[in-house]
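I want to look up a few things here and jot them down as I go.

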Amino acid sequence: LGRKINGALKSLTAESVIDEKVLDDILREVCAALLESDVNVRLVQNLRKNIKQIVDFEELGGVVNKRRQIQKAIFDELCRLVDPGVEPYKPKKGKANVIMFVGLQGAGKTTTCTKLAHHYQRKGWKVCLIAADTYRAGAFDQLKQNATKAKIPYYGSYTENDPAVLAKEGIEKFKKEGFEIIIVDTSGRHKQEAALFEEMKQIADAANPDHYIFVMDGTIGQAADGQARAFKDAVPIGSIIMTKLDGHAKGGGAISAVAATGSPIIFIGTGEHIHDLDPFKAKPFVSKMLGMGDLGGLMETVKDMNIDKNSNIMKTLESGVFTIRAMRDQLAMISSMGPLSKVMSMMPGIPPEMAAMGEKEGGARMKKMTCMMDSMTDAELDSDAKCFTLQPTRIYRVAKGSGATVREIEEMLMQFQKFAEVIKTMGGSKGLLANMQKAQ
Ligand code: GDP
Ligand code: MG
């Protein structure tokens, strides 16, 4: 989906004249892509209508301005599609809040309920887990292991095989002990089938949850719509957590899931470990879906870190001029930020091959690139690299100084152009920064 929409947006950049017809063509492509991804027809029609309303040809200025407005309109609409504008669920202090997890087998329920328990525990809540999955062999052991590691109290049984009884017993026990958040993990099936929904309803009757969280595998693509609908029909879903968004999945199913349930996505799962649970934010999510890279997420990481150390990056982002020095600093920052592949996948302009190279190889390549840049003069570092085109002898000098081949220097400069291009197409980083501040 992202690739298609991105293609449509790219074709927009290629057009020199932008009129109604061009807009119609682009919208047709975007809508076809959304429909193909099982997004509700009505929503797609709305998207088209809204964008046509927003883009006013009379009022638009030059070609560049029109392009930006159309891009922004499409971007904003997609953000609206993944954000139903519903206040996310908040557990109440001074009572036992029961949260029930539902979803297909393998969606990531057991993994995610421990992640969520850990999230609340860190915020000072008294949290516990109940394993009400008697369908999958080893389900209790899995939850027990996760919970023990995270030091979260749990309840389950090797002998009782009625999940509704387990849920009831566990809730009674934990309520007596004054727990504030009780998370009930349930079983799934490979498909959405009657037996699963029957079981879910029985557990729901016994547990009487305050909140239902639907866990959906982010890699399922077109199946998202039917799956979300089926679960919504069985229980009153309150929130969605999309998992497995750490790989190549761009999460196009999110639009369908939100449309089908009317519920907000509260978190996304970005790995198998307990910390791999990120709060959902529409803008970075949509930019990643469109293949622009998760600039928002990256910016937050930047903010979390020592800003002084990265002031060059902040300066460049603010001025909108991307220099080689900024790229060097960005690479240096990445190396200090931990799991390389995860950080790389958030960076705009990093080719997927490089992000997928793995820690060792990717790290070695980054080191090499940094070494090349360290052989440049200050003036070269503070430039947009045009000086290398104007005076190719500079390339030979840098190659010699860094022990790299001329070809490698050229490749590095091409990489730099890609980075710079992304920064430019995002409408200048000033706009981006402003947008992010608005989002907070
Ligand atoms: P359940 O059947 O719904 O309880 O699913 P599980 O929690 O057992 O997860 C199924 C598999 O998906 C396990 O191997 C998990 O480690 C894995 N998994 C869950 N969430 C994520 C995620 O966000 N990213 C990745 N890469 N794997 C995940
Ligand atoms: Mg499970």
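Here are my entries on a helix pair, a ligand shell and a record entry.

**Ground rules.** I'm looking at a predicted model, where local features need pLDDT of at least 70, side-chain atom pairs count only at pLDDT 80 or more, and totals for chains, interfaces and linings use all residues. Residues are numbered from 1 along each chain as its sequence is written, while chains are lettered from A and ligands numbered from 1 in the order in which they are written.

**Helix pair.** I looked up H9 (residues 224–234) and H10 (residues 253–261), which pack at an angle of about 30° with axes 8 Å apart. Helices here are DSSP runs of H or I, at least four residues, and strands are runs of E, at least two. The axes are lines fitted to C-alpha atoms over the stretch in contact, and angles run from 0 to 180 degrees between N-to-C directions. H9 and H10 are therefore roughly parallel (angles under 35 degrees count as that).

Who touches whom? I noted Ala224, Asp225, Ala228, Arg229 and Lys232 on H9, and Gly253, Ser256, Ala257, Ala260 and Thr261 on H10 (contact: C-beta atoms, placed from the backbone, within 7 Å).

**Ligand 1.** I found 17 residues around ligand 1, and the closest are Gly108, Lys109, Thr110, Thr111 and Gly269 (C-beta atom, placed from the backbone, within 6 Å). Which helix gives the most to this shell? H5 (residues 109–122) does, with three residues.

**Record check.** UniProt, in an unreviewed entry, puts "domain: SRP54-type proteins GTP-binding" at residues 264–277; such annotations may be inferred rather than shown by experiment. I noted that this span is 0% helix and 43% strand, with its end C-alpha atoms 16 Å apart.

How values were computed
Angles under 35 degrees count as roughly parallel, over 145 as roughly antiparallel, 65 to 115 as roughly perpendicular and the rest as oblique. Two residues are in contact if their C-beta atoms, placed from the backbone, lie within 7 Å.
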